[in-house]
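Have the structure open as you read.

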Amino acid sequence: MRRHQAPKPMRRCIACRVSKPQDELIRFTFDGSKVKADCGKPSDGRGFYLCGNAECLESAIKRKAFNRICRQNMDPEEIRNVIGQALDNFQGGTDAKKS
């Protein structure tokens, strides 16, 4: 007899606000001073999730989602560099940043 399997944890992208399984999104943390990618192991700080595409990154910057989540004004170029690099790694080396 088959047992009921627990559903995958769902998380919401801060840009497009679509809920997806946690393993389909990239987790980032803000530790009070900088944003960094959470690469598999839990990091300290406030966590948030983003889809693995450049459109969601640009939408989040445009909507100032990072400012709301981190509760302070964030430099858009710094965010693009840190998160764009993580998106590149997530997508297997494809260029996720917009010039």
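## A buried asparagine

Buried here means under 20% relative accessible area, exposed means over 50%, and partly exposed is in between (1.4 Å probe, protein chains only). With a relative accessible area of 18%, Asn67 is buried. You'll find Asn67 in helix α2, residues 65–70. Leaving out residues up to four places away in sequence, Asn67 touches Gln72, Asn73 and Met74, where contact means heavy atoms within 4.5 Å.

## Ground rules

This is a predicted model, so local features need pLDDT of at least 70 and side-chain atom pairs count only at pLDDT 80 or more, while totals for chains, interfaces and linings use all residues. Residues are numbered from 1 along each chain as its sequence is written, and side-chain values use heavy atoms, with hydrogens and water left out.

## Two packed helices

Helices α1 (residues 54–62) and α3 (residues 76–90) pack at an angle of about 160°, with their axes 11 Å apart. That makes α1 roughly antiparallel to α3 (angles over 145 degrees count as such).

Which residues of α1 and α3 meet? From α1 come Ala54, Leu57, Glu58 and Ile61, and from α3 come Pro76, Ile79, Arg80, Ile83, Gly84 and Leu87. By class, this contact of α1 with α3 has seven nonpolar, one polar and two charged residues, with Gly counted as polar, Glu and Arg as charged, and Ala, Leu, Ile and Pro as nonpolar.

## Cysteines

There are zero disulfides in the structure; a disulfide would be a pair of cysteine sulfur atoms within 2.5 Å. The sulfur of Cys56 has its closest cysteine sulfur in Cys16, 3.8 Å away, which is too far for a bond. Cys56 counts as buried at 8% relative accessibility, and Cys70 counts as buried at 7%.

Key. Axes fitted to C-alpha atoms, helices over the stretch in contact; angles between N-to-C directions. Helix = DSSP H or I, 4+ residues; strand = E, 2+ residues; numbered from the N terminus. Parallel < 35°, antiparallel > 145°, perpendicular 65-115°, else oblique.
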